[in-house]
Amino acid sequence: MKNFLLTGGAGYIGSHVVNLLIDNGHNVTVIDNLITGNKNLINKKATFYKCDIADEKIINKILSKNKYDIVMHLAALIRVDESVNKPKKYNKFNYEKAKIFLDTCFKYNLKKIILSSTASVYGNPKNFHVTEESELKPLNPYAKTKLKLENYLIDKSKINDINYIILRYFNVAG
């Protein structure tokens with residue numbers, strides 16, 4: 001049994017991941033500010049903290065009270081159309097706040113990170129067959145913030161011996 005700390009657990013992807021982890025016997029702590037998530041989606045067996053991921057005081061308190069094996073960062077604003085109209089908002093939420101959260105986790109020696117990103121970091125690829133090595137050309141502020149956070153995590157991993165997985169979804173459902 002592992003202890004997971006999961007951001008965005010009241011969202012579509014996060015709530016399904018929480019259910020799967022709990023069904024497999026793991027302990028899950030969810031952090032979500034409920035801006036886009038729904039509290040009713042959070043599994044009752046999960047420990048839930050309603051807070052912003054950049055609230056260092058609360059995150060420090062959570063991390064000092066508990067030991068986590070893996071951090072899954074799924075929290076983000078996700079509307080491409082909104083990101084075009086409000087790019088600064090998307091940079092603040094998807095990059096700046098996420099960076100604060102990850103840095104706080106690193107202070108507590110959490111070195112296993114699963115980061116939810118997006119396949120939109122590839123833009124409009126020339127080749128139908130896309131791999132991790134394909135050219136990255138984000139076309140909108142949403143994708144740019146996701147790629148920026150990916151690069152931040154990659155750079156930090158080189159300094160702090162962090163193990164990470166970055167998930168670039170093409171289509172979550174349907």
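Aromatic pairs and a buried histidine

The structure holds two aromatic pairs, where rings of Phe, Tyr and Trp (its six-membered ring) pair if their centres lie within 6.5 Å, and planes under 30 degrees apart count as stacked, over 60 as edge-to-face and the rest as tilted. The rings of tyrosine 95 and tyrosine 152 have centres 6.3 Å apart and planes at 90 degrees, so this pair is edge-to-face. Because tyrosine 95 lies in helix H4 and tyrosine 152 in helix H5, the pair ties together parts that are 57 residues apart in sequence; helices (H or I, at least four residues) and strands (E, at least two) are DSSP runs, numbered from the N terminus. This is a predicted model, in which local features need pLDDT of at least 70, side-chain atom pairs count only at pLDDT 80 or more, and totals for chains, interfaces and linings use all residues. Residues are numbered from 1 along each chain as its sequence is written, and side-chain values use heavy atoms, with hydrogens and water left out.

Both tyrosine 95 and tyrosine 152 are buried, where buried means under 20% relative accessible area, exposed over 50%, and partly exposed in between (1.4 Å probe, protein chains only). Tyrosine 122 and phenylalanine 170 form a stacked pair, 6.1 Å centre to centre with 5 degrees between the planes. Tyrosine 122 counts as buried at 5% relative accessibility, whereas phenylalanine 170 is exposed, with a relative accessible area of 61%.

Turning to strand E4 (residues 70-73), histidine 73 is found there and, at 1% relative accessibility, counts as buried. Its contacts (heavy atoms within 4.5 Å) include Thr7, Phe101 and Leu149, not counting residues up to four places away in sequence.
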